[in-house]
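These are my notes from one pass through the model. I looked up the overall figures and then a few individual places.

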Amino acid sequence: MATEPSTPAAAFATGGADSTEPWSARVRTLARLGRHREALALLRHGDPSPPPHAVALPSAVISCAALSFSSGVAQIHALAAKRGLLPAADAYLLSALLTSYSRFGRLPLAHQLLDEMPLESTPHTTLRTAFNSVISGCALHALPAACFAVFRRMRAASVGFDAVTLLALVPAAPPRVVPQVHALAARAGLAAETSVANCLISTYARGGAGGAALARRVFDEMPLASRDLVSWNAVLSAHAQNGLGVDALELYRRMRGPDGGGVEPDAVTLVGVLSSCAHLGARSVGFEVERYVLERLPGFRANVQLCNALINFHARCGSLPRAQQLFDEMPRRSIVSWTALITGYGMHGHGDVAVSLFERMVSEGISPDNVAMVGLLSACSHSGMYDEGRKYFSTMESAYKLRPTLEHYACMVDLLGRAGRLREARELISSMTMPADGAIWGALLGACKIHKNVEVGEEAFKHIVELEPSNAGYYVLMSNIYTDTGQLEGVARVRAMMRDRGLKKEPGCSYVEHKGQVHLFMADDHSHPQAKRIYKLVIKLEQMVKEKLGVMESKAAQRYAEKAAAQLLIGFHSEKLAVAFGLLNTEASSEIVVIKNLRVCGDCHSFLKAVSGFTNRVFLVRDASRFHRFEGGLRMSFLFFEHQVLVVPASSLDPYLMKLRV
């Protein structure tokens with residue numbers, strides 16, 4: 001009786017499944033099936049006649065690489081050289097050897113193999129494959145200088161490059177070199193190829209807002225038929241990740257229209273869009289995206305990144321219960337999931353819930369990172385939770401192995417300042433091991449506005465002017481401190497500084513969405529079709545607020561009357577106009593959500609608080625850094641003013657909103 005083969009590979013070698021297949025081809029088949037150990041066993045124990053040749057050896061090299069068997073690659077290299085297959089081998093064997101050496105970080109061996117190739121007798125395509133493999137290996141190990149050194153050798157040898165070369169070079173190139181590689185690709189007629197253009201877009205995107213503009217130029221120069229899903233995702237992410245939400249949403253609109261060529265968004269697309277919606281407060285677009293997710297991506301809850309983007313959008317756009325629901329439905333959560341919800345509760349003034357979530361996260365074995373700690377400390381600051389914030393900050397290093405950064409110090413200065421502990425805040429800044437930045441001194445300046453402390457405010461302002469001389473928001477804040485303390489000379493001095501430096505206060509704007517349209521209002525804005533009705537209602541509500549304050553407190557009524565009289569000269573603040581529009585056009589039971597680019601001033605707080613009681617309506621106002629809820633004549637979940645410099649300038653909001661407004 002015949003004996004059974006001892007191994008599957010032996011069975012394959014002695015005529016098992018495909019006895020008619022050539023011996024070397026069987027090695028290749030096993031490798032393609034992912035049966036790498038069997039492929040190598042067959043190479044070692046199979047019939048040596050005929051000997052292994054260029055059909056079997058590339059597959060054997062690939063199997064060694066898949067098994068992380070670096071010495072096996074070297075043995076096959078030696079076998080190929082012994083059989084005379086090297087150095088003038090075909091492209092497949094060379095590519096397999098060079099790619100494997102590069103993957104294992106054995107770049108000297110890859111360079112040696114390249115050096116041994118006879119340039120004159122080796123086919124051009126084989127040379128190009130060899131150079132591309134070494135360039136890709138250098139790029140894989142983050143060796144940009146080596147990449148370009150090999151590329152120069154390639155050019156000197158008159159070996160033409162192709163898209164594969166560029167796909168390795170472009171991401172490895174320093175930012176200042178990328179345009180040069182781009183120009184080289186354009187001259188070779190390769191820049192418009194979809195894969196190369198996509199690579200250029202993604203690489204330019206890493207260069208901030210300026211890089212996003214270059215990425216957009218590459219995208220716009222692509223033929224419509226060449227733009228695939230990767231192209232749209234790359235250019236959209238380039239804008240979303242650099243804070244250019246308006247442009248990202250405009251690109252999304254184009255993608256969903258004729259320019260998209262039928263390309264459907266995927267989860268990567270929607271993450272970028274939702275991020276921009278959260279940044280801008282573009283609720284209607286975000287809700288549209290969520291409907292698309294629910295209809296087209298039924299298994300989206302398994303996609304952690306997409307769920308995180310939805311949670312962040314809802315938390316930042318006033319739908320905190322929906323954010324909590326999405327969080328609860330996630331089968332698996334990341335640190336980003338927890339951070340998004342913690343930050344959302346902090347923005348809404350629910351610091352106690354944020355702290356509870358943080359403790360629950362830690363108890364489930366998830367260690368906080370620096371971003372999570374910023375969200376937690378910010379939540380404590382917005383809710384006036386001094387003791388809790390101080391405790392978490394002081395135990396960052398000992399409990400969580402996190403060293404405080406500038407962002408953490410800014411949160412703590414803000415927390416101390418809100419609590420009236422200006423001296424302690426100043427001492428904290430002095431104790432820092434790193435220089436304080438503009439945000440830290442700005443937090444101290446904001447606290448001085450709350451507590452009308454001119455002396456400390458002037459010190460903070462002096463540092464800010466040195467660090468951020470072009471930020472008009474801080475000048476306005478210092479001017480307001482002088483105004484509140486009756487120091488008119490200081491006001492004049494700050495205004496003169498602004499004139500001399502050509503600085504202007506960023507105009508405030510607010511908007512409210514209604515029936516799928518965005519209604520944008522500027523201060524003293526009369527351009528809206530319902531302007532007459534809106535102003536008539538605001539004036540009526542102002543009178544009602546004045547009468548209520550007159551009954552409650554004569555001094556408050558007098559102060560409010562003086563402010564209202566001044567307002568007639570400078571125009572009504574935009575949030576009042578937005579709320580009035582909402583009252584005129586929405587159902588009595590609905591909540592009115594207003595998004596504003598600047599912080600809400602004290603007088604508008606008093607106005608909105610009182611009007612919510614008169615009308616029995618709920619107003620949710622998102623300003624530059626947080627939400628303020630007004631309900632039943634009360635200012636809910638709001639304990640301290642936010643005096644941070646504006647985050648979303650009106651100049652960024654206007655273009656997109658103006659296209660959608662009535």
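**Entry 1: surface and overall make-up.** I began with the accessible surface: the protein exposes about 30,200 Å², and carbon and sulfur atoms supply 54% of that area. I noted that the model is predicted. Of the 662 residues in the protein, 50% are buried. I counted the secondary structure next and found 35 helices and six strands. For the contacts between residues at least 6 apart in sequence, I recorded that 64% join residues at least 24 apart.

**Entry 2: confidence.** I looked up the mean pLDDT of the protein, which is 83; 86% of the residues reach 70 or more.

**Entry 3: helix α19.** Which residues of helix α19 are buried? In this helix, which spans residues 320-329, I listed L320, R322, A323, Q324, L326 and F327. I also looked up what covers them: the cover includes α17 (283-296), α18 (304-316), α20 (335-347) and α21 (351-363). For the spacing of such a list I kept in mind that an α-helix has 3.6 residues a turn, so residues three or four places apart point the same way.

**Entry 4: T339.** One of the helices covering α19 is α20, and I took T339 from α20 for a closer look. Is T339 buried or exposed? T339 counts as buried because its relative accessibility is 9%, below the 20% cut-off. Leaving out residues up to four places away in sequence, I found that T339 touches D369, V371 and A372.

**Entry 5: positive phi outside glycine.** S158 lies in the loop between α9 (144-156) and α10 (163-172). Its phi is near 60 degrees, a positive value in a residue other than glycine. S158 counts as exposed because its relative accessibility is 60%, over the 50% cut-off.

K452 sits in the loop between α27 (438-451) and α28 (454-467). I recorded phi of K452 as near 55 degrees, again positive in a residue other than glycine. With a relative accessible area of 47%, K452 is partly exposed, because that value falls between the 20% and 50% cut-offs.

Conventions:
Residues numbered from 1 in each chain as written. Predicted model: local features only at pLDDT ≥ 70, side-chain atom pairs only at ≥ 80, totals over all residues. Heavy atoms only, no water. Buried < 20%, exposed > 50% of the residue type's maximum accessible area, 1.4 Å probe, protein only. Helix = DSSP H or I, 4+ residues; strand = E, 2+ residues; numbered from the N terminus. Contact = heavy atoms within 4.5 Å. pLDDT = per-residue confidence, 0-100. Areas by Shrake-Rupley, 256 points an atom, 1.4 Å probe, with all protein chains shown as cover.
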